[in-house]
Amino acid sequence: MEITKTLKRYRRRVVQSGSPFRILRKAFLYAKNPVESVQRLQMRNEVLRDMSPAAQEQLAQMNREGFCWHPTGVDGALIDELSAEIDRRIATQPVGGDNATVRKFWSRLSSAEDLHPDSIFVRFAMQPHLVQIATAYMGMVPYLSSIQALVSFGTDNTKWEESQLWHRDYHDTKTLRFWIYLSDVTEPKHGPFTYLPLAPSREVPNGFFPGRVSDEAMNNCGLGKHAQAVTGKRLTCFSIDTARCYHMGSRVALGEKRIAYLATFNTHASLYPFWNDIRTAGKKLTPLQELLLLPGHGNGAGAAMA
């Protein structure tokens, strides 16, 4: 019995999200489904055929820093539609306090009913500009693993916790997360998303099985000075690789709130299996939509967002 318990404990260590064995697991997952890998590589050429100079510049910034702004390229009509829907929900859904449906400091504005191909939440993530950037960055057509609209709010907690602390996401070797602020995030009290670019992120000391990092630890190793707070007016758009860049956020002052839409792209062979909960039954999908919306293997739930 003790041997069984010990083996199970070590197995959990091997497969947990931050395990250093994840590189070997990644290779196994690609080898497990070679046909899908080939399909996604072949479709990549079609997706990237007419990539604009602006999109190429944004991709170059992603590759260089693990982060990029989207000053152009995002569909304006879809922004207006998404913004109007979020405004409607904010006006009708109480948030914060006892209505914190997910964490003490943030709640979802989107729900399972929004996860179908005709929804603005899904159509926004499927627009060509975002799919192009994600495909080029991943090296193949990715899987749209999560879509959420979130509102973060201030609490009376005396210390930061969970995603308010520095961390990386270990669900895949690359994770491209697109953000659009749907409220002004111009001051520290608004809880801006904050990250370390790729180079300093590689220097962060962490354990063999890495965990969250405090501000004190980040400053003690001399890397806190590289922190980049992403501020901007409502409708500011950006992307970040949360698997490679340390990040934190939702440090919202009491009485304030931050509203954002997030679309997350992983590879089809993510280390943690995802199920995006997007209902496609009865919908005629293009080959590209099938690759984006249908999971490569297994099923699972999305992770908490910063």
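In helix α7, the residues H129, L130, V131, Q132, I133, A134, T135, A136, Y137 and M138 are buried, where buried means under 20% relative accessible area, exposed over 50% and partly exposed in between, with a 1.4 Å probe and protein chains only. Ten of the eleven residues of α7 are thus buried, so the helix is largely enclosed by the rest of the structure. Directly after α7 comes G139, with a positive phi near 90°.

The model is predicted, so local features need pLDDT of at least 70 and side-chain atom pairs count only at pLDDT 80 or more, while totals for chains, interfaces and linings use all residues. Residues are numbered from 1 along each chain as its sequence is written, and side-chain values use heavy atoms, with hydrogens and water left out.

The secondary structure of the protein chain comprises ten helices and nine strands; helices (H or I, at least four residues) and strands (E, at least two) are DSSP runs, numbered from the N terminus. Of the 306 residues in the protein chain, 49% are buried. Among contacts with a separation of 6 or more, 87% join residues 24 or more positions apart, contact meaning heavy atoms within 4.5 Å.

Helix α4 (residues 53–65) and helix α7 (residues 128–138) meet at an angle of about 45°, and their axes are 10 Å apart. Here axes are lines fitted to C-alpha atoms, for helices over the stretch in contact, and angles run from 0 to 180 degrees between N-to-C directions. This angle makes α4 oblique to α7, given that angles under 35 degrees count as roughly parallel, over 145 as roughly antiparallel, 65 to 115 as roughly perpendicular and the rest as oblique. From α4, the contact draws on A55, Q58, L59, M62 and N63, and from α7 on H129, Q132, I133, A136 and Y137. By class, six of these residues are nonpolar, four are polar and none is charged; Ala, Val, Leu, Ile, Met, Phe, Trp, Tyr, Cys and Pro count as nonpolar, Asp, Glu, Lys and Arg as charged, and the others, Gly among them, as polar.

Two bridges link β6 to strand β5 (residues 194–195), and T194 is partnered with A229 in β6.

Finally, F274 sits in the loop between β9 (257–266) and α10 (287–293). F274 counts as buried because its relative accessibility is 6%. The C-alpha atoms of F274 and Y143 are separated by 9.2 Å, although these residues are 131 positions apart along the chain.

Terms used: Pairing = 2+ DSSP bridges.
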